[in-house]
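Please look over the sequence and the model below before reading on.

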Amino acid sequence: MVPRINPRPGRIRPSGRAWLGALLASGLLLACTSPSRHPLAGQEAFRQGELASRQARSALARGELVSARQLTEQARQHYQRLDAHAEVIDSELTLVTLALRQNDLPAARAGLAGFSHWQLTPAQQLALAERQISLALRESALPRAADWLARAWQSCPAPCARAPTLSLFAARLAAAQGQPERARQLAEAVLQQGEHEETATAHRLLGGWQAPAQAAQALVHFQQALERDRLNSNSAGLLIDLQGAAQASQTLGQAAQASEYRQRAAQLQAAMAAAAAR
């Protein structure tokens, strides 16, 4: 997700931009949703905004990124008509997420720059920081990523529900800085916290950070991630899992299994490309 974070050549590493999609699919997909009952709930514009937001979430769940982005923009405009401040901010956070998912970095940068004039809640500050970290890592702007990570921790005092996510950001940053042992320690610590929304991501990262001599361990990590990503309908994560499992299997001399994983990855990638164009 984000940059090619394996610190040394020769690591088992899936290719392409799928790292970014998997990151965003593991906790950054959507901004916070509105409460079930809102003071503006009786207003037609608000109802239209809520409808567009629900449709956007459904489109995103199907991988239809273009539709999701268009619907989120419609929702933002409906909320803006009522000066529904919190909902406008949440819509703009989601638009940044979708721009990152589509690798539209200029749009993501422009969207993030627009938050400089907003007064944000602590939850929104944390959501903004996570997106800033994602962009900074994608651009290999490591000092900026470290700065935003520090801000994110400040916005999430203990007990921090987003601690596993922030810890994995720290792991990715360590890997990008050439600290592979530190990166692995951080990711392994996340796994030791029990089952949570970042378990698959931690397995996926650890799989990608294994040296060829540890291909068997890498395969186990990718298979563990694969099982969880399938249950969570995380297509971006599944693509990385399949690619990594194929490479690990090939390294282990399991040619038939590697071929099957590659075929499944190719089929999934084609399905994702078709959905993203809608």
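How many helices and how many strands does the chain have? This is a predicted model, and its chain has 13 helices and zero strands.

The chain has 278 residues, and 53% of them are buried. Its exposed surface comes to about 12,400 Å², and 51% of that area is supplied by carbon and sulfur atoms. Contacts can also be sorted by separation in sequence. Taking those between residues at least 6 apart, 64% join residues at least 24 apart.

Helix α4 covers residues 85-101, which is 17 residues. From its first C-alpha to its last it reaches 25 Å, close to the 24 Å expected at 1.5 Å a residue. Is α4 mostly covered or mostly uncovered? Of its 17 residues, 15 are buried, so the helix is mostly covered; the cut-off for buried is under 20% relative accessible area. Just after α4 comes Asn103, which takes a positive phi of about 60°.

The largest nonpolar core has 50 residues. Phe115, Leu128, Ile133, Leu137, Leu149, Leu166 and Trp209 are those with the most contacts inside it. Which helix gives the largest share of this core? That helix is α8, residues 163-176, which contributes nine residues. Another core, of 14 residues, lies apart from the largest one. Its members include Leu238, Leu239, Ile240 and Ala246.

The last topic is the covalent link. A disulfide is a covalent bond between the sulfur atoms of two cysteines. The structure holds one disulfide, and it joins Cys156 to Cys160 with an S to S distance of 1.7 Å. Why is this disulfide called right-handed? The torsion about the S-S bond of Cys156 and Cys160 is about 100°, and the disulfide is right-handed because of that value. Are its two cysteines buried or exposed? Cys156 has a relative accessible area of 11%, so Cys156 is buried. Cys160, at 14%, is buried as well. Both values fall under the 20% cut-off for buried residues.

Terms used
Residues are numbered from 1 along each chain as its sequence is written. This is a predicted model: local features need pLDDT of at least 70, side-chain atom pairs count only at pLDDT 80 or more; totals for chains, interfaces and linings use all residues. Side-chain values use heavy atoms; hydrogens and water are left out. Helices (H or I, at least four residues) and strands (E, at least two) are DSSP runs, numbered from the N terminus. The expected span of a helix is 1.5 Å times one less than its number of residues. Buried means under 20% relative accessible area, exposed over 50%, partly exposed in between (1.4 Å probe, protein chains only). A nonpolar core is a set of buried Ala, Val, Leu, Ile, Met, Phe, Trp, Tyr and Cys residues joined through side-chain atoms within 4.5 Å. Contact means heavy atoms within 4.5 Å. Accessible areas come from the Shrake-Rupley method with a 1.4 Å probe; for residues, only the protein chains shown count as cover. A disulfide is a pair of cysteine sulfur atoms within 2.5 Å.
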